[in-house]
Amino acid sequence: MKPQNLLVIMSDEHSRKVLGCYGDPIVQTPTLDRLARQGTRFSSAYTTSPICVPARAAFALGKYVHQIGFWDNADAYDGSQQSWHHLLRERGHHVASIGKLHFRSEGEDHGFSEELLPMHIVEGKGDLIGLLRDPLAARGHAKKLAATAGPGESTYTTYDRAIAARAQVWLREDAARHRDKPWVLFVSFVAPHFPLTAPPEHYYRYADQALPMPKLHGRPGADAHPYVRGYASCIDYGAYFEDDRHVQRALASYYGLCSFLDEQIGKVLQALGDAGLADSTRIVYTSDHGDNLGTRGLWGKSTMYEESAGCPLIVAGEGIPAGATVDAPVGHIDIFPFLFEATGEPASEVMAGRPGISLRRLAQGEKPERALLVEYHATGSSAGAFMLRLGHWKYVHYINLPAELYDLSTDPEELHDLGQDPRFDADRQRCHAALLAICDPADVERRAKARQAELIALHGGREAIVERGDFGNTPAPSEKPRFY
């Protein structure tokens, strides 16, 4: 590929199902829809883990979570392993970050040439209560999600406006100073992550509409998978949505935040064009993971269903097919090699031990025969969960619960679990063999639990962690955490 500048835009908790270009007929996302028309949209893209901190660490390192050992929201990336930021900086590129990183703390070398307006985990410790998985500790912040749904401004929307403003300034004033090699700018927003408080001009686009209710949106009953029931017992968001009208208010807020996010991205892309950089810059858009958004009675992330483990992924620029859609499963691991190819560096030099395949190759039609992994070792789950995409099959292996199996070609909404159906034993066994070819789940579970036990002891034990409390979402840089 011709070496060019690179703009990587990440959001937080953006379900790919709430985007016009992904087929949502209601949400207004004109900027991202236009970007999809200009480039390639990946319809089956996945995070490495459906929770922020390990997902972002794995995104930085281009590996699966079990390869890097940052397991949960209390165990954040600290710069100790070489990220794409480090490797591109070492090769002479200016690599700038603006916005949320969710790494351990400022003062560490995460590999960026500059970190502007960074958000890192609370007190360098993060979500300690999420370490308490056996038995699970009840979370105290679920009520906050329901209570804050509606129109207004939050510290998060204020923060996102500041991120967009700083990115515009950087593109207009700072980018021109970096001409020796293509620069890389990572712009990372927090929308549409809760609190579900949407600016009024966006909230009221949706508040007066009858938005489709989430599928299976009632409280999880006896027929729900035990993982769903266990997660709901720990993080019971649904308990605080009083009625369907309250759910509608939350949906309007989430939709409004998606439009607000789109607006901020539009400002950044407008500045890119006004600075004369549009033709010399490739663009990647993705989110760290999705959001259940009321499906199965669950809000937030942390499940292996498409709403949570799936994420949007759009790539545009020179050498990328325009107006194309790739239906083959891809993951955040595939972005890593693309970043090097896009900036003129041979990806082969950095891919040892990394499982990704460049998005360029996938966008140009390559269809690899491979399995793709998502894993989870964090709050709301007493033991590890491993999701595998193998062709049209989706297999979920739980350390301590019955497996799930879905045929996404005939059941894209995951309504019919075939995990215990003897007619599909051969398919389930083939998927499990593919999982074992990537990792040993039992060994991964042992390592994750050992690290979490170490952190629990480091922070004074279970009682001390419970006494510290639960702060819900990480505060914006200008905000202090509020514990519950």
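Strands here are DSSP E runs of at least two residues and helices are H or I runs of at least four, both numbered from the N terminus. The model is predicted, so local features need pLDDT of at least 70 and side-chain atom pairs count only at pLDDT 80 or more, while totals for chains, interfaces and linings use all residues. Residues are numbered from 1 along each chain as its sequence is written, and side-chain values use heavy atoms, with hydrogens and water left out.

**The sheet**

Strands β14 and β15 run antiparallel and are joined by six bridges. They form a hairpin with two residues between them, and Gly-391 in the turn has a positive phi of about 65 degrees. On the β13 side, six bridges join β13 to β14 (residues 385–390), again antiparallel, and Glu-375 stands opposite Phe-386 in β14. Two strands count as paired if DSSP finds at least two bridges between them. Strands of a sheet pair through backbone hydrogen bonds, either parallel or antiparallel.

The open sheet has four strands in the order β13-β14-β15-β16, with antiparallel pairing. β13 (371–376) and β16 stand at the edges with a single partner strand each, so one side of each is left without a neighbour in the sheet. From one strand to the next, the twist averages 15 degrees.

Burial is judged by relative accessible area: under 20% is buried, over 50% is exposed, and values in between are partly exposed (1.4 Å probe, protein chains only). Six of the six residues of β14 are buried, so this strand is largely enclosed by the rest of the structure. Both of its faces are covered: Ala-385, Met-387 and Arg-389 are buried on one side, and Phe-386, Leu-388 and Leu-390 on the other.

**Helix α13**

Helix α13 lies across β13, β14, β15 and β16 and runs at about 65 degrees to β15. Such angles run from 0 to 180 degrees between N-to-C directions, with axes fitted as lines to C-alpha atoms, for helices over the stretch in contact. At 1.5 Å a residue, the 14 residues of α13 should span 20 Å, which agrees with the 20 Å between its end C-alpha atoms. The expected span is 1.5 Å times one less than the number of residues.

The buried residues of α13 are Asp-427, Arg-428, Cys-431, Ala-434 and Leu-435. These residues cover an arc of only 120 degrees around the axis, which puts them on the same side of α13. The arc is that of the directions from the helix axis to the C-beta atoms. The buried residues pack against β13, β14, β15, β16 and α14 (441–458), contact meaning heavy atoms within 4.5 Å. On the other side of α13, Ala-426, Gln-429 and Ala-437 are exposed.

**Salt bridges**

The structure holds 35 salt bridges, each a side-chain nitrogen of Lys or Arg within 4 Å of a carboxyl oxygen of Asp or Glu. Three are listed here.

| Asp-12 | Arg-56 | 3.4 Å |

Asp-12 forms its salt bridge with Arg-56. Asp-12 lies in the loop between β1 (5–11) and α1 (30–38) and Arg-56 in helix α2 (residues 52–61), so the pair ties together parts that are 44 residues apart in sequence. Asp-12 is buried at a relative accessible area of 0%, and Arg-56 is buried at 3%.

Lys-215 counts as buried at 19% relative accessibility, whereas Glu-413 is partly exposed at 33%.

Glu-414 lies in the loop between β16 and α13 and Lys-394 in strand β15 (residues 393–398), so the pair ties together parts that are 20 residues apart in sequence. Both Glu-414 and Lys-394 are buried. Salt bridges that share partners join Lys-17, Lys-215, Arg-296, Glu-307 and Glu-413 into one network.
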